[in-house]
Amino acid sequence: RMSSPEAFQMTWRFDNWIHYYDLNKHTALDYFKHSPFYDTTCNNEIVLQQGANIRRIFDMEGIFYEPDLKTSSKDPSYFVIRKCRNTLPRKGRMKAKIIALYYIVGQGASKGTVYALPDIHSVLTYNLSTAIHYARDAFAELESRLIFNRGKEYTWNHGKAEKEDSGVAAESALEVKKSRLKVADGDNTVPNSSASQGSTIKSMEIESDVKVEETKEDNSKLATDPVTVQLVNEVLMATLQEPEDEERIQRRRSEQKV
């Protein structure tokens with residue numbers, strides 16, 4: 001099993017070796033020995049140092065590497081290297097277990113690139129951690145937009161969208177007023193400095209008119225909001241000290257209704 005999810009994301013390639021030697025199913029293991037995936041303490045290195053027959057690795061306990069010649073014979077576009085571990089039970093013969101697989105690209109622009117094949121445990125762990133990360137971001141965004149109000153209880157905050165919409169509306173209103181001003185004045189391309197100054201002053205007046213209209217609209221919304229009116233009335237009632245003040249306010253409310 002891979003030690004970490006990053007292990008199967010790493011790749012390796014030896015350009016100089018590929019330039020001078022031929023990469024095929026018989027030389028794939030020699031090429032793989034230069035990669036960081038290769039364990040230099042394996043039985044392959046021990047047998048090589050002893051000068052013994054390479055077939056001895058199958059009779060020794062420990063880790064060894066071997067090429068998968070059957071797979072390479074079927075598809076020469078890539079070569080497979082198996083990392084195995086030999087274990088000797090108390091009774092029986094030596095048993096080899098595959099603990100990792102690596103494949104080498106044999107053709108094309110990526111020729112010689114070595115990839116580590118992840119096992120199921122590593123794939124599931126990596127995908128699960130990625131899904132949890134994005135789920136946490138989604139819940140954090142939802143929590144930031146949830147607002148509690150005593151009058152409306154829980155509400156959804158569309159502040160960002162409302163600000164963008166109001167900004168677009170203000171810009172469109174300003175453009176409409178400018179276009180109307182151009183139509184009323186006729187040709188504005190007068191090479192006179194006083195004319196340009198007059199147009200600048202008019203544009204500034206238009207912008208101020210737009211801001212005043214926006215402020216009036218915001219104040220009217222606050223005045224007609226039932227929650228705001230109720231809160232203001234509660235504050236006024238709480239600050240009353242004399243019963244005559246309460247009677248005067250009630251009288252004003254009845255007059256406004258009429």
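The largest nonpolar core of this predicted model comprises 20 residues. Within this core, the residues with the most contacts are Tyr-31, Phe-32, Tyr-65, Ile-81, Tyr-102, Ile-104 and Val-114. At least two core residues are supplied by each of helix 1 (15-20), helix 2 (28-32), strand 2 (62-67), strand 3 (78-87), strand 4 (95-105) and strand 5 (114-117). The most is given by helix 2, which provides four residues.

Apart from its neighbours within four places in sequence, Tyr-65 is in contact with Leu-29, Phe-32, Phe-37, Tyr-38, Asp-39, Cys-42, Asn-44, Ile-57, Ile-81, Arg-82, Lys-83 and Tyr-102.

The structure contains zero disulfides.

With regard to overall architecture, the protein has nine helices and seven strands. Of its 258 residues, 19% are buried. Among contacts with a separation of 6 or more, 44% are between residues 24 or more positions apart. The accessible surface of the protein amounts to about 19,600 Å², and carbon and sulfur atoms account for 54% of this surface.

Definitions and conventions:
Residues are numbered from 1 along each chain as its sequence is written. This is a predicted model: local features need pLDDT of at least 70, side-chain atom pairs count only at pLDDT 80 or more; totals for chains, interfaces and linings use all residues. Side-chain values use heavy atoms; hydrogens and water are left out. Buried means under 20% relative accessible area, exposed over 50%, partly exposed in between (1.4 Å probe, protein chains only). Contact means heavy atoms within 4.5 Å. Accessible areas come from the Shrake-Rupley method with a 1.4 Å probe; for residues, only the protein chains shown count as cover. A disulfide is a pair of cysteine sulfur atoms within 2.5 Å. A nonpolar core is a set of buried Ala, Val, Leu, Ile, Met, Phe, Trp, Tyr and Cys residues joined through side-chain atoms within 4.5 Å.
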